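Here are my notes on this model. Please read them beside the coordinates.

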Amino acid sequence: MFCIFNNEKLSQRTLEDAFNSSGFKALFGLSKEEKIQRSSILERLSNLDAHYFKEIYEQMYTRFSELYLKSEIENIIS
């Protein structure tokens, strides 16, 4: 989800670059030594259930709804 919000185009390369960035590691409490490769990303994504992303979206929308007015959310999403 981090990559979806921070990149216009989503690819295995942008996912790899994001994971290996110092900002991502700081945000999620990862050590600087942790690395990921595109082949690992492909393997992990191929095993995810699509409903997982639906649940993430719904959870995020619910949290935003508690913090923002509907018109503000629509401006953020669009």
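1. Helices α2 and α4 are roughly perpendicular (65 to 115 degrees) to each other, because their packing angle is about 110°. Residues 12–19 form α2 and residues 38–46 form α4, with the axes 9 Å apart. Axes are lines fitted to C-alpha atoms over the stretch in contact; angles run from 0 to 180 degrees between N-to-C directions. Helices are DSSP runs (H or I, at least four residues).

2. The model is predicted: local features need pLDDT of at least 70, side-chain atom pairs pLDDT 80 or more, while totals for chains, interfaces and linings use all residues. Numbering starts from 1 along each chain as its sequence is written, and side-chain values use heavy atoms, without hydrogens and water.

3. Which residues meet between α2 and α4? Q12, R13, L15 and E16 in α2 face R38, I41, L42 and L45 in α4 (contact: heavy atoms within 4.5 Å). By type, the contact has four nonpolar, one polar and three charged residues.

4. The lining of the largest pocket has 19 residues, and M1, C3, L15, L45 and F53 lie nearest its centre. Of the lining residues, 18 are nonpolar, none polar and one charged.

5. Mean pLDDT (the predictor's confidence in each residue, from 0 to 100) is 85 for the protein chain, and 97% of the residues score at least 70.

Terms used
Helices (H or I, at least four residues) and strands (E, at least two) are DSSP runs, numbered from the N terminus. Angles under 35 degrees count as roughly parallel, over 145 as roughly antiparallel, 65 to 115 as roughly perpendicular and the rest as oblique. Ala, Val, Leu, Ile, Met, Phe, Trp, Tyr, Cys and Pro count as nonpolar, Asp, Glu, Lys and Arg as charged, and the others, Gly among them, as polar. On a 1 Å grid over the protein atoms alone, a cavity is a set of points where a 1.4 Å probe fits but cannot get out, and a pocket is an open set with protein on both sides within 12 Å along at least five of seven lines; lining residues have an atom within 4 Å of a point.
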